[in-house]
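Dear colleague,

Please find below the sequence and the structure that I am handing over to you. My findings follow directly after them.

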Amino acid sequence: MSAPRFEGRTVIVTGAGSGIGRAAALKFAEEGANVGLFDLDAERAESVRGELEAIRAGSGFVRTLDVSDTEAMADAYQAVNDRFGGLDAVFANAGINGAKGPIEHMELAEFQKTIDVNLGGMFLSVKLAIPYMKQRGGGSIVITSSVNGNTRFSSIGMSPYSTSKAGQVAFAKMAALELARYRIRVNTICPGAISTNIDETTEENGRMDEIAIPLEFPRGGDHPLAGSHGQPEEVADLAVYLASSEARHVTGASITVDGGESLLF
Ligand code: NAD
């Protein structure tokens, strides 16, 4: 086996309690990292900390918070720095599907909630990393966007989600250019459909029949490469690569990880 890529390094993972964040937290720990596990759901985050404990004692550190809460996030970044002595990488991954329904019947507050969590949380995750990474002489930030809003626009009714995911890619490219002088890299990953708990966060307003467009998938299915949804580990591998020094010349990139799904629809 090759040498662990994150020996002695510290990584923050947001949305670490489930799905893609959990899979990435486990991989970072397996690669030698200490991991700050940020999530809204204390129980899930604690359970992932338990899994990290089995990999290496003391490698996980939980903060239960909302990623769009400025004060809680600033406090948590400081706490990770105090606990592990620095910060090398951030996986800004927490997100929700949020409001789903016709734009005509959507309230601004419903639209805004998805933007606050997905875009606001990502903004804070990047902003707060800068002073710690400058101190380290560099770092890597990976943001979980989506094929939705970037290469795929067929998730009818999910206009807030797709807007937030498009915004993440634009923001990451702006940040990549701005932060290159500090040797901080910023990249986005755009997963297709992945088997996680994200559907629990959909808030459908019951009027989807007004805007539905029946989609007929091509013979052979809608997942050309794997035949089914992707797995969180398949996305986590990409996140770990981008956070590692193997990707030292990669910044401002947006990489699709969808088994070819968005080539079809
Ligand atoms: P998930 O629901 O399994 O995990 C997301 C985690 O984020 C949960 O543990 C949840 O508690 C946490 N979270 C939600 N809101 C939060 C907040 N405000 N503050 C802190 N934590 C919060 O979902 P997932 O699929 O692993 O989602 C991770 C990311 O992947 C999201 O940004 C999502 O948009 C993106 N994504 C998912 C898919 C997919 O098909 N699953 C596809 C493309 C992109």
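Two rings of Phe, Tyr or Trp are taken as an aromatic pair if their centres lie within 6.5 Å, with the six-membered ring used for Trp. The model is a predicted one, and by this criterion the structure contains five aromatic pairs.

Aromatic contacts

One of these pairs is made by F6 and F28, with 5.1 Å from centre to centre and 90° between the planes. Planes over 60 degrees apart count as edge-to-face, and the pair of F6 and F28 is accordingly given as edge-to-face. What does this pair tie together? F6 belongs to the segment before β1 (10-14) and F28 to helix α1, so the contact links parts of the chain that are 22 residues apart in sequence.

The ligand and its shell

The ligand is surrounded by 29 residues, and the closest are S18, D39, Y161, I194 and T196. By residue class, the shell is made up of twelve nonpolar, twelve polar and five charged residues. Helices α1 (19-30) and α6 (159-179) each contribute at least two residues to this shell.

On its own the ligand has 830 Å² of accessible area, of which the protein covers 95%.

Individual positions

N93 is located in the loop between β4 (89-92) and β5 (98-100). With a relative accessibility of 10%, N93 counts as buried, and its side chain is joined to that of T144 by a polar contact of 2.8 Å.

Two prolines also deserve a mention. P191 is part of strand β7 (residues 184-191) and, at 4% relative accessibility, counts as buried. Its C-alpha atom is 9.6 Å from that of E261, although P191 and E261 are 70 residues apart in sequence. P4, in turn, is found in the segment before β1 and is partly exposed, with a relative accessible area of 34%. Between the C-alpha atoms of P4 and A33 the separation is 8.6 Å, and these residues are 29 positions apart along the chain.

Finally, is R183 buried or exposed? R183 lies in the loop between α6 and β7, and its relative accessible area of 60% makes it exposed. Most residues other than glycine have a negative phi. R183, however, has a positive phi near 60°.

With kind regards

How values were computed
Residues numbered from 1 in each chain as written. Predicted model: local features only at pLDDT ≥ 70, side-chain atom pairs only at ≥ 80, totals over all residues. Heavy atoms only, no water. Near = heavy atom within 4 Å. Areas by Shrake-Rupley, 256 points an atom, 1.4 Å probe, with all protein chains shown as cover. Helix = DSSP H or I, 4+ residues; strand = E, 2+ residues; numbered from the N terminus. Nonpolar A, V, L, I, M, F, W, Y, C, P; charged D, E, K, R; others polar. Phe/Tyr/Trp six-rings, centres within 6.5 Å; stacked < 30°, edge-to-face > 60°. Buried < 20%, exposed > 50% of the residue type's maximum accessible area, 1.4 Å probe, protein only. Polar contact = N/O pair within 3.5 Å; in protein donor to acceptor, adjacent residues only side chain to side chain.
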